[in-house]
Amino acid sequence: MQQELHALREEALQALERAQTSADLAAWRSTYLGKKGKLSQVLRGMGNLSPEERPIVGRLANDIKETLEQAYTERAEAVRQAELAAHLAADAVDVTLPGRRPPLGRLHPSTQVMREIERIFADLGFQVYASREVELDEYNFQLLNIPPHHPAREMQDTFYIERSPDENDVLLRTHTSPGQIHAMREFAAMNPDNPPPVRIMLPGMVYRHEQITPRSDIQFQQVEGLAIGHHITMADLKGTIEYFVRRLFGPERRLRFRASYFPFTEPSAEVDMDCLLCGGEGCRLCKGTGWLEIMGCGMVHPTVLRNGGYDPERYTGYAFGMGPARITMLKYGIEDIRYFWQNDLRFLEQF
Ligand code: PHE
């Protein structure tokens, strides 16, 4: 029986060496040291021993049990360390790897340029005034000195929403100018005898029932400026626009004011800037003229001032209007205005 115990000890120690995981260890423990384990089984035969042999075998059995317990504890610690090391290795994070950049959205190029324009005029004291896209004929045309059947209506073909018998149709505004009337009336109502000066920008979408081409779309943005006060002259208009263009396109830009016609301004002018591509020599971009047309402007027509609640004997003002898409096209050399609302990421991601 003593031999049996020695053999068991050898077997158990060798088996313990092979235990790699905590599961192996648990199995080993119940195989050798458990209640129904091999050691217990051997000891169950103690009853057959002589009284002299019994204490000797008992002591031996206790020694072996202690040896195995201690070997188990050591092995268990080694396995625990190995498992921890493996776990840490598997979970390792390489903090030197570059991060994954979350995809970021961006502002539409027109919005970017619109904000740039608004920022420049904000520095000159112009505030943004929001106005509606669905308008009455009255505001889009009549109050701007364009009576029914006036030939100037041909300049801006209109999307009508509702025809009305009294010639006050509901329509999509064809320009941002009706905002002039809304703004003037709101300002004038604050103090009808002495309306306050006005310095506002009117940005927004406008709609025209026209052929879609690389140069004209049926919906596009405009931004319009309006300044009203005492002693405002054409020189103020020219100086303001010159300052604006040089801030947006560079200090070396030259401007040309060409006489033009708008029903709501008198006199009216078209503003040209020397060509960005050829500097005035004449090229494809400027169609050989050396000039690029960038906006319309003029002194607010006395009739329009009166319609807005401002006495044209005491007040003067100027207005100007431009298309940010056109400005953006010139700034970035974009050839086709239809890119702006096609939502093609290959186009939009370039800005
Ligand atoms: N409303 C004009 C247009 O759409 C532009 C303009 C605005 C001209 C203000 C003069 C003054 O063509």
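**Salt bridges in the predicted model**

Glu 252, Arg 253, Arg 254 and Asp 274 are linked in a network of salt bridges, a salt bridge being a side-chain nitrogen of Lys or Arg within 4 Å of a carboxyl oxygen of Asp or Glu. In total, the structure holds 18 salt bridges. The model is a predicted one, in which local features need pLDDT of at least 70 and side-chain atom pairs count only at pLDDT 80 or more, while totals for chains, interfaces and linings use all residues. Residues are numbered from 1 along each chain as its sequence is written, and side-chain values use heavy atoms, with hydrogens and water left out.

A salt bridge joins the side chains of Lys 38 and Glu 11, with an N to O distance of 2.9 Å. This pair links distant parts of the chain, 27 residues apart: Lys 38 belongs to helix H3 (residues 38-43) and Glu 11 to helix H1 (residues 2-18). Helices here are DSSP runs of H or I with at least four residues, numbered from the N terminus. Lys 38 is partly exposed at 32% relative accessibility, where partly exposed lies between buried (under 20% relative accessible area) and exposed (over 50%), using a 1.4 Å probe and protein chains only. Glu 11 is also partly exposed, at 32%.

Next comes the salt bridge between Arg 29 and Glu 69, at 3.3 Å from N to O. Arg 29 sits in helix H2 (residues 22-32) and Glu 69 in helix H4 (residues 53-90), so the pair ties together parts 40 residues apart in sequence. Arg 29 is partly exposed at 33%, and Glu 69 is partly exposed at 26%.

Notes. Helix = DSSP H or I, 4+ residues; strand = E, 2+ residues; numbered from the N terminus.
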